[in-house]
Amino acid sequence: MEDIIFLRCEQACEVARNVKAFKLRILDISHSTIPEPGQYISIVFPDCSGIRQQRNYTVIEKPEIDLIVIAVQRTGRGGVSDRLHADLKEGVVVGATGAAGEITPEALIGARELVLLAGGIGITLPYGLIKSLSTLHNASLPVPKTTLFLSAPDVTDIPFLGELLKLDMSTDWFSIRLFITRSPIRHSTVQFRSGRIQASLLAEHAQPDTVIICGGHSFAQSLHEQCNQVYERAHYLIESFSAPETEEITDGRPHPVTLYIEGIDKELVMQSDQSLLDGLEAHGIPIKTQCRTGVCGSCKIRINSGDIHRSADFALRAAERAAGYALACCSFPQGKAVSISL
């Protein structure tokens, strides 16, 4: 059974346009796995249609042993984040599954040079790591030389901007590079420039031993490919918080697909624009899952026959893919039938 925790909202405050930070008190720490900064919890909350969903949010700070901070962006798409942004107020209690995620300050022990790349609200994970590294540095402990590359539509969309700029200007271990994609930057500076993060700009920095990428699926995929061109020896840690876009996957109109599962004596019918994970869950077939974005590797399956579209994942090795393994959250059926093993 999953570790369920209950959290009471202690404070909500605006930290950028359409972004709120929430301080959440864990109500019973004696029976809960306490999340650490950089990990994420899966909050169970209704979307704007009233349908209960489960969505992941990064812990960016832990001011006390039973108090955590998350940030939530209002997207306007009517999802859980929009409902949390509107309705999570002081005194409201929410449920969540326990901590998950391996990108914590402890994962950076021994790193000498660290590059963080974030897109939009993907800043939450790097921010949590930077806060923890700053605490270590203030205690005279060694921290890696750290550069944050952040892409955002507008300066007003960047949470915690003042704090990050202050840290950039007051320390020799941290620097920030901001790329504004929609609003014009009249005069580029060391910290601000127009456009998107490019491999040529990444190449201006020394070879890091650790690279962390956090953002939507397409952002994470693109930056991973670009970084591989210039940071060949780096160790990569990736967190994607959105599933692949359906329109990038379907070829023509969605159509029914028959799904066969080894060891289960029945045929299931799903749609070609559903991931195999969504199809399995729609039919009540138990499958382990966590991130739903190709990062954690929990939903690994094997393709026995049939064609699938593999959206980029960040967990499987090339040898595993060659052996027929896939992640159900990043795999979409093609043709008329697919057979898999769980």
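In the predicted model, the buried residues of α3 are L161, L164, L165, L167 and D168. Viewed down the helix axis, these residues fall within an arc of 160 degrees and so line one face of α3. An α-helix has 3.6 residues a turn, so residues three or four places apart point the same way. On the other side of α3, the exposed residues are G162, K166, M169 and S170. The packing partners of the buried residues of α3 are α2, β9, β10 and β11 (192-194).

The largest nonpolar core comprises 38 residues, and I130, L148, L164, F174, L178 and I212 have the most contacts inside it. At least two residues of this core come from each of β2 (19-26), β6 (67-73), β8 (113-119), α2 (124-138), β9 (145-152), α3 (161-170), β10 (174-180) and β12 (210-215). The greatest contribution to this core is that of α2, with five residues. Beyond its neighbours within four places in sequence, F174 contacts I130, T146, L148, L164, L167 and D168. Another core, of 22 residues, lies apart from the largest one and includes C299, I308, A328 and V338.

The structure contains zero disulfides. C9 is in no disulfide, the nearest cysteine sulfur being that of C13 at 9.6 Å. With a relative accessibility of 1%, C9 counts as buried. For C329, the nearest cysteine sulfur is that of C330, 3.7 Å away, and C329 is likewise in no disulfide; a pair of cysteine sulfur atoms counts as a disulfide within 2.5 Å. C329 is buried, at 5% relative accessible area.

Notes: Residues are numbered from 1 along each chain as its sequence is written. This is a predicted model: local features need pLDDT of at least 70, side-chain atom pairs count only at pLDDT 80 or more; totals for chains, interfaces and linings use all residues. Side-chain values use heavy atoms; hydrogens and water are left out. A nonpolar core is a set of buried Ala, Val, Leu, Ile, Met, Phe, Trp, Tyr and Cys residues joined through side-chain atoms within 4.5 Å. Buried means under 20% relative accessible area, exposed over 50%, partly exposed in between (1.4 Å probe, protein chains only). Helices (H or I, at least four residues) and strands (E, at least two) are DSSP runs, numbered from the N terminus. Contact means heavy atoms within 4.5 Å. The arc is that of the directions from the helix axis to the C-beta atoms.
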